[in-house]
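Here is a short briefing on a structure. It starts at the contact between chains, then turns to one chain's fold.

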Amino acid sequence: MIQLKNLERSYKSPAGQFWVLRRVNLEIREGEFITIMGPSGAGKSSLLNVLALLDDGWQGEFWFREQAVHEMKRKQRGELAKKNIGMVFQSYHLLDDLTVRENIDLPLSYKDIPHSQRQGMVADTLDRFQMVAKKDLFPSQLSGGQQQLVGIARAVIHKPALLLADEPTGNLHSSHAKEIMELFRGLNQQGTTIVQVTHSDANAAYGSRTIQLRDGWVVSDTANPELQPQEAVKQ
Amino acid sequence: MTGLLQDIRYALRQLRKSPGFTAVAVLTLALGIGANTSIFTVVNGLLLKMLPVKEPQRLAVVGDPTRVGGRSNGTPRADIFSYPLYKELRDQNSVFDGVCAAATDHHIEVDFGQGQLPDEKITGRMVSGNYFSVLGLQPAAGRLISHTDDTAEEANPVLVLGYEYWLRKFSLSPSIIGKDIRLNGFPFTVIGVAPAGFDGDVVGERTALFVPLSMQPEIVRGRHWRNAVNTSWLSLIGRLKPSATPGQAEANLNVVFQQAVRGSYGAALSSDDRKAIQDIHINVSPGGSGLSELRSDYRIPLLLLMGIVGLVLLIACVNVANLLLARARVRNKEIAIRLAIGANRNRVLQQLLTESALLGLLGGMAGSVLAIWGVRLLVGILGSDTILPLSPDWRVLAFTVTVSLLTGIAFGLVPALQTMKVRVSPALKDANRATREAGSKFAWGKSLIAGQVALSLLVLFAAGLLVRSLQKLITQDFGYTRDHLIIARLDPTAAGYSREGMKLLAQQLINRLVGTPGVRTVAYSANGLFAGTESGEAIIVPGFTGTPQDRAAMEDYVGPDYFEVVGIPILAGRGIEAQDAGTSARVAVVNEAMVKYFFAGQDPVGHQFRIDDQDWLDKPITIVGVSRDAKVYEGSIREAVKPRYYLAFQQVPEPFQIVIEAQTSGEPSGAVASVLSQIRATDPHLPIPFVKTLDSLVFERAGDQIALAKLSSFFGGLALLLTCIGLYGVMSYTVAGRTREVGVRMALGARRSDVMELVLREAMLLVAIGLVIGIPLALASTRLLHSFLFGLKSSDPLSLIAVILLLGLVAAIAGFIPARRAARIDPMVALRYE
């Protein structure tokens, strides 16, 4: 599904160039449930932003279903992301002034989908996530777990092929975290490719593959046992 | 007290800490307060300030305090008075300690007798012998005019200099006293100087000198009004006895007047005049603030402008309130700490209000500086000849301080109360989070902006109406083309011309002026176009009955080719021609209004009428032509044209002046100087009150309209600018508060255009709400302007649509920059922000 070749990301600072991703070579296949782990500052979220096509400032090659993302203009990348990618955030990022139903509808509102069709899709999603009773509530009226549920519903309503989740349970009680992870597992089993960033080994256990990052380098990948930390450093 | 000082100290520190915020807030307030102080300074000078005389509150004006410099020959009047009637009122009343009389002349030629050419024409006041004693004034030098100077006509050629004139022309030198100055060529001896600060009893006029009333024939030459019962020319001011009120004085003077009509004064009047004045009533009003013609012209415009600048100040307050609201979010943590360590909420409220009051006072101080410039601008717009007592006094100071403090409370209260709502625990825990949550809503700020848009709409709509009205007034059809005419008013009587001599002079002037470069054709008349004089008579038309008022018509005496030169079309018959001389049958041209009123359904040409006056009753006048209705004098600009007849100048027994009308081939202002020099060449001693283009005269007559339109447009522009800044500020703040939301939206697929649309839609929604509130408010309020509007209704849809479009455009501009900024938000950065 995705191939990254020698992908690098750096920022300029008064102290010089600061690297957050170094020569990342990675292949993500359809249907995988990948967990990205590593200490703070390792480049996990940066990698996720690159995959989400929110970041434009990288160098290297990025292939998405055999389309050369690195040759695309910003607008094309936006269209690609809109069609194929959904995002779940640690702090939910629901819009306070919108109801549950309106929050879920938000990604659809940016696509050329007729209103009646959107209504149907939102109703299906509410039903699927068992939130029909809460559709007119505002985020502040929901628990953290419920808010994240809305966040996930919003991320998957347009049936993305790739679901990216940045610390999706970071703000949740462990019982709620478990529910969310079960939900991810279910989505994955239904065919959605998932990439999650987490510090939690328990959450990582739901995935089929774990990638470790450190100082911007990929230092281990369970799908590629050949990749040794020492070799990676040498790269 | 200690608490207050501490609050002030802390407030000063807070303001110093945020110089950008303080500068913007103070400047915004300065604009609003400065505008208010400027207008109020003029209101104070023109309407409120007392004359610098002894116990001004005891003065009362007899007659019309706004009719200054008027003269009327005909039926006696009760707004200005004849000298014989003044004597009756002065000597027979029981309510005044003294009543003085005065009259102004604006065209006195001054010659200092040192071989210099006559000085500029100055304004002098002819005053009764008791003028200075009634006002309770002491001389700055020498002595003032007294009873002994105002005895027999032309017996005492003395003058008192105005202080400002003494300063300007003689550098306060006392040696001028005792010396002679020639006024209109006649020597007057300087006997003293009026006190400093006293510019005369007429507010808004530069009175350079004072002469006794008895010297009137040398000031207004060729006329003798002292014993004329039919010439009304004096304004009266009385000093009330300590126990008397203006109401009592009015009652007493009217009794005195009726007795005078029945006595020797009345006996000197014709029976018609005696009958006509039986029912007239003399008004007496408080006179401490003196007389003023400007006051009647500008009273309502100034009060309207006070309302407009009040709205501008409110708009400025909204901007500062929004700045404070935005700042209040940042200060949540500080307030929470204060509350957490035991401050009660009222104490914190006091602290916040002290800060805003201090900001208001700083704005007031800066506004006062702006007002110095603003007052100069206002006076420039009101007219360069105008002098008003505009030095700031306790009233202006009190006004500015009160407005500043009230402003401080007005813009400070809402933010202070909002700040007070802070929840201590969450704010202490996470001040930034609290900031963002509150910032994303900012409901108060948005409500205020909607209100601001409504107020701006009101101010702009009023300005739009006044500008459109002025445009219609100036560009209306006057009945002739105005743009190639020069008008010159001449006073041959003052130069000693007899009536027959004046007729001859008129012809000589025409002969001379015809060859003037740039002048195509020339005519003459008695009143002419916008020359400042007007006359009318009751006429007798066979078959038409009614009271003299019902039979009144305006009149003018015109020379040959007058209608062709001026451009008033002759619709039937002919105009006045050279053949209409003294010996031929008396003829007249009448206007359409006269035909409609007196000869409805008839062809008037060939009909006769007479003037209802003893001297004219045996002189029938034959109508030889009908002219188109034309607007020819000040009062006619806004009114329908009245019935008017034009007699042949050479056929009337008593022409009173000559007005020259010269049609130019090019731009008329270019020919003014040559016309003036040709008139001077004809007779160097002929007094010439003015030579001006007709357009400039029309603009002078519409001065109050022009001033109101200019000023309301200026303040409308200011209101628009402040609203634009306010909307920009609120949208910028809202966008900053919505960074996370925009980031989320973009992460979920929103395009830049979606984000821009989101922000712009919100800005336009605020404007739309403001318009919904503002339109009915504006339609209701602008009814007050009804009497100022010409040719359009106070609900003029074109003005309203223009203002709505303008506000919409400005809102789009104000919203565009924050919208563009929002569209440039990097979603990655925005999401990390959390």
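The contact between the two chains takes 15 residues from chain A and 15 residues from chain B. Residues count as in contact if their C-beta atoms, placed from the backbone, lie within 7 Å. This is a predicted model: local features need pLDDT of at least 70, side-chain atom pairs count only at pLDDT 80 or more, and totals for chains, interfaces and linings use all residues. Residues are numbered from 1 along each chain as its sequence is written, while chains are lettered from A and ligands numbered from 1 in the order in which they are written.

**Chain A side of the contact**

- Helix H2 (74-84) and helix H3 (100-109) of chain A are the elements that give two or more residues to the side touching chain B. Helices (H or I, at least four residues) and strands (E, at least two) are DSSP runs, numbered from the N terminus.
- That side of chain A divides into seven nonpolar, four polar and four charged residues. Ala, Val, Leu, Ile, Met, Phe, Trp, Tyr, Cys and Pro count as nonpolar, Asp, Glu, Lys and Arg as charged, and the others, Gly among them, as polar.
- Buried residues of H3(A) include Val100(A), Ile104(A) and Leu108(A). Buried means 20 or more other C-beta atoms within 10 Å of the residue's own, with C-beta atoms placed from the backbone.
- The buried residues of H3(A) pack against helix H4 (115-128) and helix H5 (144-156) of chain A.

**Chain B overall**

- Chain B has 26 helices and 24 strands.
- Its C-alpha atoms fill a box of roughly 105 × 60 × 55 Å, taken along the principal axes.
- Of the 834 residues in chain B, 48% are buried.

**Nonpolar core**

- The largest nonpolar core has 304 residues. Such a core is a set of buried Ala, Val, Leu, Ile, Met, Phe, Trp, Tyr and Cys residues joined through C-beta atoms within 7 Å.
- Helix H10 (residues 293-330) of chain B gives the most to this core, with 21 residues.
- Leu159(B), Val312(B) and Val459(B) have the most contacts inside the core.
- Leu159(B) touches, among others, Ile181(B), Phe188(B) and Leu209(B), not counting residues up to four places away in sequence.

**A helix pair in chain B**

- The axes of helix H22 (residues 703-737) and helix H25 (residues 797-823) of chain B come within 8 Å and cross at roughly 25°.
- H22(B) is therefore roughly parallel to H25(B) (angles under 35 degrees).
- Residues meeting across this pair include Leu720(B) and Tyr728(B) in H22(B), and Val810(B) and Arg821(B) in H25(B).
- The residues of this contact divide into 13 nonpolar, two polar and one charged.

Technical notes:
Axes are lines fitted to C-alpha atoms, for helices over the stretch in contact, and angles run from 0 to 180 degrees between N-to-C directions. Angles under 35 degrees count as roughly parallel, over 145 as roughly antiparallel, 65 to 115 as roughly perpendicular and the rest as oblique. A residue is buried if 20 or more other C-beta atoms lie within 10 Å of its own, exposed if 12 or fewer, and partly exposed in between; C-beta atoms are placed from the backbone.
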